[in-house]
Amino acid sequence: MQQTRLLLEGAAGASLPDWALLEPGYRLGHYARGDDVFSIGQWQPFVYVLRQGMVKLSYSNEAGEEWIKSFIGEGDFFACPNVLVAGGKTDYAAVALEDCQIEQVDFAAMHALTERHPAWQRAIRQLLAWHIVRKEQRERELLTLRPDERYQAFLRSQPALAERVQQRDLAHYLGVTPEALSRIRKRLRS
């Protein structure tokens, strides 16, 4: 649970008590490139923390069209708020883009710790704040920036991931075709 502990204690700004209470709901998953961490329509009441590798979170329709909402790299986290907050099912999929090690923690156990310890409340509030800011930034970029500006923003905000993401996936993230992304990249290099 090393990466989860780093993330949550960093979010809390302090050591957190009672880690042993999370152990029954903890699992370290190993996923090969292309494996589903979870699919659309599942019950996944967990917080996932990436120890190694890269994951894409994406929506798709019945025709197989894909829209990538985000890429998750080492040390980062993801969870499906539709499950954790609303009690629904996953409305997007999580797929390993590289071989991954992912720590999975039961959210109900984490929530129970927030009832007992203010430091856990701070940690979860901070994770939620990070998630909200990330979603707000993504929404602003999609609504207000041209595709070339979205591409440049991605390069600035996630330079380590930018080198590892395949052009097809990056195009789906930016909302353009792979051919359009190729033209954008060529134009920016000139």
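Q: What joins strand β3 (residues 46–52) to β8, and do the two run parallel or antiparallel?
A: Six bridges join β3 to β8, and the two strands run antiparallel. Keep in mind that this is a predicted model.

Q: What makes β3 and β8 a pair?
A: Two strands count as paired if there are at least two bridges between them. β3 and β8 have six, so they meet that cut-off. One spot to look at is V49, whose bridge partner in β8 is E103.

Q: Which strand sense do β1 (residues 26–31) and β8 pair in, and over how many bridges?
A: β1 and β8 pair in the antiparallel sense, over six bridges. You can follow this pairing at R27, which has Q104 as its bridge partner in β8, and at Y31, which has C100.

Q: Where do these strands sit in their sheet, and what is the order?
A: The order is β1-β8-β3-β6, in an open sheet of four strands with antiparallel pairing.

Q: Why do β1 and β6 (77–78) count as standing at the edges?
A: Each of them has a single partner strand, so one side of β1 and one side of β6 are left without a neighbour in the sheet.

Q: Which residues of α1 are buried, and what do they pack against?
A: Q3, T4, L7, L8, E9, A11 and A12 are the buried ones. They pack against β3, β6, β8, α3 and α4. After α1 comes G13, with a positive phi near 75°.

Q: How do you know whether W120 is buried or exposed?
A: Its relative accessibility is 0%, and the cut-off for buried is under 20%, so W120 counts as buried. W120 lies in helix α4. Not counting residues up to four places away in sequence, it touches L8, L16, P17, W19, L22, L113 and T114. On the other hand, W120 and N61 are 37 Å apart in space, C-alpha to C-alpha, and 59 residues apart in sequence.

Q: Why are α4 and α5 described by the direction they are?
A: Over 145 degrees counts as roughly antiparallel. Helix α4 (residues 118–144) and helix α5 (residues 147–157) pack at an angle of about 155°, with their axes 9 Å apart. That puts the angle over the cut-off, so α4 and α5 are roughly antiparallel to each other. The contact is made by Q137, E141, L142 and T144 of α4 and by E149, R150, A153 and S157 of α5. By class, that is two nonpolar, three polar and three charged residues.

Q: What is the order of strands in the open sheet that holds β2, β7, β4 and β5?
A: These four strands go β2-β7-β4-β5, and the pairing is antiparallel. β2 (36–38) and β5 (66–72) each have a single partner strand, so they stand at the edges. On average, neighbouring strands here are turned by 30° against each other, direction ignored.

Q: What makes β4 (residues 55–60) and β7 (residues 93–96) a pair?
A: They share four bridges in the antiparallel sense, and at least two are needed, so they qualify. Within this pairing, V55 stands opposite A96 in β7. Helix α7 (residues 167–174) packs on the sheet and touches β4 and β5, its direction making about 105° with that of β5.

How values were computed
Residues numbered from 1 in each chain as written. Predicted model: local features only at pLDDT ≥ 70, side-chain atom pairs only at ≥ 80, totals over all residues. Heavy atoms only, no water. Axes fitted to C-alpha atoms, helices over the stretch in contact; angles between N-to-C directions. Parallel < 35°, antiparallel > 145°, perpendicular 65-115°, else oblique. Contact = heavy atoms within 4.5 Å. Nonpolar A, V, L, I, M, F, W, Y, C, P; charged D, E, K, R; others polar. Buried < 20%, exposed > 50% of the residue type's maximum accessible area, 1.4 Å probe, protein only.
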